[in-house]
Amino acid sequence: HGIVDYKYAAMVSAAPELVGFKDEEKTATTLCRVMGSGALLYSVFTRYELGLFRVMPFKTHLMIDVAANAMAATAPWLFGFAHNERARNTFLGAGLMGLTVALLTQTEEMDETSS
């Protein structure tokens, strides 16, 4: 799960440039930066193999994943950029992928003796 988290954070942050909506959709671009930074931040603090500070329980991380990605999947309509096909499809793809990963991940906490 951790590898996917860090790749997700990077890809979502870079999506406006990669997909080509940076200059057209300022709100979508800002949301990508917020989502990517947030995913990176809570991953760094998660108690799992790739967490750096390991203070947040993994189940909490998964709950944030579900909430953030549900918001991402609905963001084009919530924030008014559903008319932009590239931005809309980026958020739908990221949200659905994130939800799928979160819902398919086993919820057991990391063994405290692991490093």
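Student: Is threonine 90 buried or exposed?
Tutor: This is a predicted model, in which local features need pLDDT of at least 70, side-chain atom pairs count only at pLDDT 80 or more, and totals for chains, interfaces and linings use all residues. Residues are numbered from 1 along each chain as its sequence is written, and side-chain values use heavy atoms, without hydrogens and water. Buried means under 20% relative accessible area, exposed over 50% and partly exposed in between, with a 1.4 Å probe and protein chains only. Threonine 90 has a relative accessibility of 17%, so threonine 90 counts as buried.

Student: Which residues does threonine 90 touch, not counting residues up to four places away in sequence?
Tutor: Threonine 90 lies in helix H4, residues 85-104; helices here are DSSP runs of H or I with at least four residues, numbered from the N terminus. Contact means heavy atoms within 4.5 Å. With residues up to four places away in sequence left out, threonine 90 touches Ala15, Val19 and Phe21.

Student: What should helix H2 span at 1.5 Å a residue?
Tutor: The expected span is 1.5 Å times one less than the number of residues. Helix H2 covers residues 26-44, which is 19 residues, and its end C-alpha atoms are 27 Å apart.

Student: At what angle do H1 and H2 pack?
Tutor: Axes are lines fitted to C-alpha atoms, for helices over the stretch in contact, and angles run from 0 to 180 degrees between N-to-C directions. The axes of H1 and H2 are 8 Å apart, and the packing angle is about 165°. That makes H1 roughly antiparallel to H2, a label for angles over 145 degrees. The angle asked for is about 165°.

Student: Which residues near serine 13 are in contact with it, leaving aside neighbours within four places in sequence?
Tutor: Serine 13 is in helix H1 and, at 21% relative accessibility, counts as partly exposed. Serine 13 and methionine 35 are 22 residues apart in sequence, with their C-alpha atoms 7.3 Å apart in space. Leaving aside neighbours within four places in sequence, serine 13 is in contact with Cys32, Arg33, Gly36 and Ser37.

Student: At roughly what angle do the axes of H3 and H4 cross?
Tutor: The axes of H3 and H4 come within 8 Å of each other. Residues making the contact include Leu62 and Asp65 of H3 and Arg88 and Phe91 of H4. H3 and H4 are therefore roughly antiparallel to each other, with axes that cross at roughly 160°.

Terms used: Helices (H or I, at least four residues) and strands (E, at least two) are DSSP runs, numbered from the N terminus. Angles under 35 degrees count as roughly parallel, over 145 as roughly antiparallel, 65 to 115 as roughly perpendicular and the rest as oblique.
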